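Open the model in your viewer and keep the sequence panel beside it. We will go from one selection to the next.

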Amino acid sequence: MLAVKWYKKPEMIVAFSALLISLITAAVSVYSAYVDRSYARASVWPRLELHRSFGSNHFNYGVTNSGNGPALIQYAVVMYQSKPIKVWRDIPNLPVVSQSHMSNRILSPQAQISSMSYQGDKVSFLLNMDESIDMELCYCSLYEECWVINKDNDVNPVEQCKIDPSIAFKQ
């Protein structure tokens, strides 16, 4: 009687089949978990947009969260003539404006902040001033993924939001 090779025995074929099925199941589970995590992050992804609007008698700087998750705004930087300002009133000859806080706050999905708004006849002054204004916001998602956005709405991912307190916008 001829000896059957060990790997040709029926119990070994069953064992190898079970091992192969287990490895495939483990790979599918890992991939499924990866997809679930990606979906969870995407379901609460914030997307901030900086904008300005103006007309014959109004001017406004605003921030909108057009994403589908809350934006945790960590800091804002506003530069006027390449120098950081702390509050809008630091701009010389700025007319009386309405202001809203935009640093260190949570902005809900589809919500908007009107950071600075003006009603009156000095819109041309504000349009000229706008050419000397630069803005930057750093914000994070609930999953601590962070981005920096500038006045041109260029968004760049960052590891975390860090700022020198001497240049942080306080409003």
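**Before you click.** This is a predicted model, so local features need pLDDT of at least 70 and side-chain atom pairs count only at pLDDT 80 or more, while totals for chains, interfaces and linings use all residues. Residues are numbered from 1 along each chain as its sequence is written, and side-chain values use heavy atoms, with hydrogens and water left out.

**Stop 1: the open sheet.** Switch to cartoon view and select β1, β2, β7 and β5. These 4 strands make an open sheet in the order β1-β2-β7-β5, with antiparallel pairing. Strands here are DSSP runs (E, at least two residues), as helices are (H or I, at least four), numbered from the N terminus. Two strands pair if DSSP finds at least two bridges between them. At the edges you will find β1 (48-54) and β5, each pairing on one side only.

Now select residues 58-65 and 112-119. These are β2 and β7, antiparallel strands joined by 7 bridges. Where does Gly62 find its bridge partner in β7? Look at Ser114. For Tyr61, the partner in β7 is Met116.

**Stop 2: Asn65.** Go back to β2 and pick Asn65, which is found in that strand. Is Asn65 buried or exposed? With 0% relative accessibility, Asn65 counts as buried. The term means under 20% relative accessible area, with exposed over 50% and partly exposed in between (1.4 Å probe, protein chains only). Show the backbone of Arg47 too: its nitrogen lies 3.2 Å from a polar atom of the Asn65 side chain.

**Stop 3: the disulfides.** How many disulfides does a search of the whole structure find? There are 2 of them, a disulfide being a pair of cysteine sulfur atoms within 2.5 Å.

Zoom in on Cys138 and Cys161, whose sulfur atoms are 1.9 Å apart in a disulfide. The link is left-handed, with -80° about the S-S bond. Cys138 sits in strand β8 (residues 133-140) and Cys161 in the segment after β10 (155-158), so this pair ties together parts 23 residues apart in sequence. Cys138 counts as buried at 0% relative accessibility, and Cys161 counts as buried at 19%.

Next, select Cys140 and Cys146. Their sulfur atoms are 2.1 Å apart in a disulfide, and this link is right-handed, with 95° about the S-S bond. Both Cys140 and Cys146 are buried. Counting bonded cysteines along the chain, the pattern is 1-4, 2-3.

Stop 4: Click on Tyr7 to finish: it lies in the segment before α1 (10-43) and is partly exposed, with a relative accessible area of 40%.

Technical notes. Polar contact = N/O pair within 3.5 Å; in protein donor to acceptor, adjacent residues only side chain to side chain.
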